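Here's a quick tour of the fold, to read with the model open beside you.

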Amino acid sequence: MNKSDSERIMGIMSHFGYEPSSEDEADFLIINTCSIRKLSEDKAYSKIGNWGKRKKDGEDIKIGICGCVAQQEKENIFKKYPYVDLIFGTHNIYELPGLLNKEGRVCAIRDKAVSEKDFEIIRNKNINAWLPIMEGCNNFCTYCVVPYTRGRERSRTIENIIKEAKQIIKEGFREITLLGQNVDSYGKDLEGKPTFAHLLRELDKLEGNFRIRFTTSYPTDITDDVIETVKKGSKICECFHIPMQSGNDRILKMMNRRYDVQKYTEIVKKIQNEIENVTVTSDFIAGFPSETEEEFQDTIKQIKLLGLDYSNTAAYSPRPNTPAGKMVDKFVADDIKKRRLIELNETIKEASFNSNKKYVGKTLEVLVEKEKFEDNKRLLEGRLRNNKVVHFESTKHNVGDFVLVKLNKASIWCLFGEEV
Ligand code: SF4
């Protein structure tokens, strides 16, 4: 979501005469921050600190901060970092033109988003284009800042999304990733309540040679209609990212997740049984407040039982103003969290390897994303529809091509093959 916001910010700034530049040469430096974990927040402040030193040393630069940390900390940032010139929140992106013209230090934080405006979006020239379909979240998981920093769910209209998708295809992108904190909740706030499955079908009908991906799915919001649409869609990739977070019911309840292990298992199994070559990936938190060793081992057990293809992991990080962040007396010690994270990562490595091995011997379509040269060989890297990374040698294909590849070897994180 932040990458997509940055592309919108670049589009707006270019409209007002700014050009992208390197960090060392820029006149105006803006950092788009993430506050999902403390580490990302600390990194942002350290970056601003470095820019501040440059300013103190006499460089004529302007410094801006936006994104979730800005939304959360507001003017407080000026107190700690007096050399910052501009602070704007996640809901103020389309107000940027006005903010750029203001004199002196400016802080603009809204509680609600202003409606989107038609500025060109400067997308990174790549294979994949990010396309936000909605923003915000209504779920209030106890560890998460998103409902506070991004607000409640707001869906974009189907017309706006289709218009942007057509532009993306026209620009030559080969893949569109639909973004939302909870894509399966799409449309509930719109007139006529169009569903996510309906949106997927409308996008699938667009002409062109491209793939459609989407992220993130909240387990209990995935409908049979979505599963069926992914199964039948010609451009919709067979890949679901469904964060489980914990494999223990008591912890899930403490996290305010609206499912238990049994319900999550039913959804994953249904997807795995219905759709050929599908991958299901997840997210897990190690050391949520009060998590016992036994409860953590439930998570390890579930990852193995569910046959998940890959998962992101993180040690629990207390976030300001969240209910879990206030459970100070229940915090798990850092060394225990660290150890659990290592075990979690080892389990995920094993799961990823087991998943990759299942594809050896199959011939599947790869969309080429990168090329490199090694030992006088030209190697291409791409992804299967289910998002698995594949490497193969080729002299005739290029980045952006769809190539049939026979997969003949699996490693932990990728597959190797030869073009057919
Ligand atoms: S569903 Fe995701 S974005 Fe929403 S509150 Fe929970 S973790 Fe945060």
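Four strands make up an open sheet in the order S1-S2-S3-S4, and their pairing is parallel. The edges belong to strand S1 (28-33) and strand S4 (106-108); each has a single partner strand, so one side of each goes without a neighbour in the sheet. From one strand to the next, the twist averages 10 degrees. Keep in mind that this is a predicted model.

**The sheet and its helices**

- S1 and strand S2 (residues 62-67) run parallel and are joined by six bridges.
- If you want a pair to click on, take Leu29, whose bridge partner in S2 is Ile63.
- Helix H1 (residues 2-15) packs on this sheet and touches S1 and S2, with its direction at about 150 degrees to that of S1.
- Helix H2 (residues 38-56) packs on the sheet too, again touching S1 and S2, and here the angle to the direction of S1 is about 170 degrees.

**Another strand pair**

- Is strand S5 (residues 128-132) mostly covered or mostly open? Mostly covered: four of its five residues are buried.
- S5 pairs with strand S8 (residues 175-179) over five bridges, in the parallel sense.
- Within that pairing, Leu131 has Leu178 in S8 as its bridge partner.

**The whole protein**

- In total, the protein has 13 helices and 17 strands.
- How does the radius of gyration look for a chain of 420 residues? The protein has 22 Å, which agrees with the value near 22 Å that a compact globule of this length would have.
- Taken along the principal axes, the box filled by the C-alpha atoms is roughly 65 × 55 × 55 Å.
- Buried residues make up 39% of the 420.
- Looking at contacts with a separation of 6 or more, 69% of them are between residues 24 or more positions apart.

- As background, most peptide bonds are trans, and most residues other than glycine have a negative phi.
- Thr215 and Thr216 are joined by a cis peptide bond, with omega at about 10 degrees.
- Thr216 sits in the loop between strand S9 (211-215) and helix H9 (224-232).
- Lys74 isn't a glycine, yet its phi is positive, near 50 degrees.
- You'll find Lys74 in the loop between helix H3 (68-73) and helix H4 (76-80).
- Why does Lys74 count as partly exposed? Because it has 13 C-beta neighbours inside 10 Å, while the exposed class stops at 12 or fewer and the buried class starts at 20 or more.
- Asn321 also has a positive phi without being a glycine, this one at about 70 degrees.
- The loop holding Asn321 runs between strand S12 (310-315) and helix H13 (334-357).
- Asn321 is exposed, because its count of other C-beta atoms within 10 Å is 10.

How values were computed:
Residues are numbered from 1 along each chain as its sequence is written. This is a predicted model: local features need pLDDT of at least 70, side-chain atom pairs count only at pLDDT 80 or more; totals for chains, interfaces and linings use all residues. Helices (H or I, at least four residues) and strands (E, at least two) are DSSP runs, numbered from the N terminus. The radius of gyration is taken over C-alpha atoms; the globule rule is 2.2 Å times the number of residues to the power 0.38. Two residues are in contact if their C-beta atoms, placed from the backbone, lie within 7 Å. Two strands pair if DSSP finds at least two bridges between them. Axes are lines fitted to C-alpha atoms, for helices over the stretch in contact, and angles run from 0 to 180 degrees between N-to-C directions.
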